[in-house]
Amino acid sequence: MTDHKEAFVALVTCFNADETINYEATRAQVRRQVAAGNHIMCAGTNGDFSALTFDEKVRLCREVVEEVNGQAKVIVNAGMPATFETIQLAREFDAIGVDGIAVITPFFIACTQDGLIRHFTSVADAVKTPVFLYDIPARTQNHIEPETARVLSKHGNIAGIKDSGGAQETLEAYMAIGRDQSGFDVYSGPDHLVQWALENGAKGCISGLGNVLPDVLADIVSCVNAGDSEGAAKAQEIYTAFRTDLYSLGYPPALVKRALYLQDNSVGASRQPALLPDPDQDAKIAEILQKYERM
């Protein structure tokens, strides 16, 4: 691992009123993040990946890579329940030319740890682009145990892991693997742990909340890189407090999208049914946004 830390934003996917993808609005969000100094992860949890078709994911990836135009890194999530489809997607992304392919653990299907090893190994064997494991057990019901991650870290084309489990103990275990295994980088997902993770061995973070507060996220990382722990702590305090207030209202990815919609309605609604427009809730979100936009 290098000393330089980096932030990726798990970019939202923008939709038109008829729920088709609004690629131009998505490109605008890419430009906003790049201008703030953040890298891009597309087709992830905050990008409604489970509601996108195969062909939509491929085009979305291509549009994001074209818009970034080498100004930032792009990681794209290829993970699906079946190893077969995951490999097909990963090969498409490989041909487009991304910086990394994230592979979320299979969902709906209960996997053994040996099954996860076979799954991730098969994907990593099928592409040249570095593969990143993606652990988010609350959503998939499958967890990459640290010892499983250690086995997979020895694969020549598995470059790291995104930890979205939220448990500091697991994150510490993954970072211990990164210290032992050269070329295995750890990216923290929980927004309240950005500074702590970066200062304790993580290569970077992949944040959903950065869709709404891109500059605050960038400030945390830039302060850590500058050795300004006090400055990082101030930015992290704002980020954590905003997370607490916003996520108290319900399902985090849906709330991120709704908060962003209230900032810029060109992003459209979500395809997911988790959050329907509610004037009372919108008023609460708007009040939270106003509070933190003043900071």
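**Reasoning through helix packing and burial**

In this predicted model, helix H11 (residues 252-263) and helix H12 (residues 279-293) pack at an angle of about 75°, their axes being 10 Å apart.

Q: Why are H11 and H12 called roughly perpendicular to each other?
A: Angles of 65 to 115 degrees count as roughly perpendicular. The angle here is about 75°, so H11 and H12 are roughly perpendicular. Their contact is made by Leu255, Arg258, Ala259, Leu262 and Gln263 of H11, together with Gln281, Asp282, Ile285, Ala286, Leu289 and Glu293 of H12.

Q: How do you know that the end-to-end distance of helix H7 (residues 168-180) agrees with its 13 residues?
A: At 1.5 Å a residue, H7 should span 18 Å, and its end C-alpha atoms are 19 Å apart, which agrees.

Q: What puts the buried residues of H7 on the same side?
A: Thr170, Leu171, Tyr174, Met175, Ile177 and Gly178 are the buried ones. They cover an arc of only 150° around the axis, so they lie on the same side of H7. They pack against strands E5 (131-135), E6 (158-163) and E7 (185-188), and against helices H6 (146-153) and H8 (194-199). Glu169, Arg179 and Asp180, on the other side of H7, are exposed.

Q: Why does asparagine 38 count as buried?
A: Buried means under 20% relative accessible area; asparagine 38 has 1%, so it counts as buried. Its place is in the loop between helix H1 (23-36) and strand E2 (39-42).

Q: What makes contact with asparagine 38, leaving aside residues up to four places away in sequence?
A: Asparagine 38 touches Ala7, Val9, Gln33, Ala72, Pro214, Leu217 and Ala218. A polar atom of the asparagine 38 side chain lies 3.2 Å from the backbone oxygen of proline 214.

How values were computed
Residues are numbered from 1 along each chain as its sequence is written. This is a predicted model: local features need pLDDT of at least 70, side-chain atom pairs count only at pLDDT 80 or more; totals for chains, interfaces and linings use all residues. Side-chain values use heavy atoms; hydrogens and water are left out. Helices (H or I, at least four residues) and strands (E, at least two) are DSSP runs, numbered from the N terminus. The expected span of a helix is 1.5 Å times one less than its number of residues. Buried means under 20% relative accessible area, exposed over 50%, partly exposed in between (1.4 Å probe, protein chains only). The arc is that of the directions from the helix axis to the C-beta atoms. Contact means heavy atoms within 4.5 Å. A polar contact is a pair of N or O atoms within 3.5 Å; within protein, one must be able to donate a hydrogen and the other to accept it, and residues adjacent in sequence count only if both atoms are side-chain atoms. Axes are lines fitted to C-alpha atoms, for helices over the stretch in contact, and angles run from 0 to 180 degrees between N-to-C directions. Angles under 35 degrees count as roughly parallel, over 145 as roughly antiparallel, 65 to 115 as roughly perpendicular and the rest as oblique.
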